[in-house]
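Please look through the following structure with this report beside it.

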Amino acid sequence: MSGSLFLAETQAFLKALASETRQQIMQEFATGAALTVGEIAERCGIGQSTASEQLTILRQGGLVTSTRAGKQVRYRADPSRISDQLEVLGDLPAFAAQGLF
């Protein structure tokens with residue numbers, strides 16, 4: 001992975017986790033549930049437009065995936081990408097030592 005790609009993906013991942021609202025949304029996915037924007041908005045006590053904006057950031061950060069079924073879009077956590085990003089973060093000192101970013 002090139003340094004700039006690594007940095008961009010890591011920044012998006014960390015940005016997605018930086019908000020308490022997005023952390024609250026991620027807790028709703030802890031059971032493996034696939035939820036709509038409306039369900040997230042209701043469970044988190046936020047507006048649908050806010051939920052949609054936050055889910056977009058979570059998707060861009062690699063924390064959630066979305067699937068469309070007709071007019072409905074369902075979101076769920078993406079455990080494999082989350083795990084991959086956490087592994088990369090754990091290797092950060094080694095990447096820095098090698099001058100990879």
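## Overall layout

The protein chain contains 6 helices and 2 strands, where helices (H or I, at least four residues) and strands (E, at least two) are DSSP runs numbered from the N terminus. Along the sequence these elements follow the pattern α-α-α-α-β-β-α-α. This is a predicted model, in which local features need pLDDT of at least 70 and side-chain atom pairs count only at pLDDT 80 or more, while totals for chains, interfaces and linings use all residues. Residues are numbered from 1 along each chain as its sequence is written, and side-chain values use heavy atoms, with hydrogens and water left out.

Of the 101 residues in the protein chain, 30% are buried, a term that means under 20% relative accessible area, with exposed meaning over 50% and partly exposed lying in between (1.4 Å probe, protein chains only). Among contacts (heavy atoms within 4.5 Å) with a separation of 6 or more, 52% are between residues 24 or more positions apart.

## The nonpolar core

In soluble globular proteins, nonpolar side chains tend to be buried together. A nonpolar core is here a set of buried Ala, Val, Leu, Ile, Met, Phe, Trp, Tyr and Cys residues joined through side-chain atoms within 4.5 Å. The largest such core has 19 residues, of which Phe29, Ile40, Leu55 and Leu58 touch the most other members. Two or more residues of this core come from each of helix H1 (3-17), helix H2 (20-28), helix H3 (37-44), helix H4 (48-60) and strand S2 (72-77).

Leaving aside residues up to four places away in sequence, Ile40 touches Ile25, Glu28, Phe29, Leu35, Ala51 and Leu55.

## H3 and its two partners

H2 and H3 pack with their axes 10 Å apart and at an angle of about 110°; axes are lines fitted to C-alpha atoms, for helices over the stretch in contact, and angles run from 0 to 180 degrees between N-to-C directions. These two helices are therefore roughly perpendicular to each other, given that 65 to 115 degrees counts as roughly perpendicular, under 35 as roughly parallel, over 145 as roughly antiparallel and the rest as oblique. In this pairing, Gln24, Ile25 and Glu28 of H2 meet Ile40, Arg43 and Cys44 of H3.

The axes of H3 and H4 come within 8 Å and cross at roughly 110°, which makes H3 roughly perpendicular to H4. Here Val37, Gly38, Ile40 and Ala41 of H3 meet Gln48, Ala51, Ser52 and Leu55 of H4.
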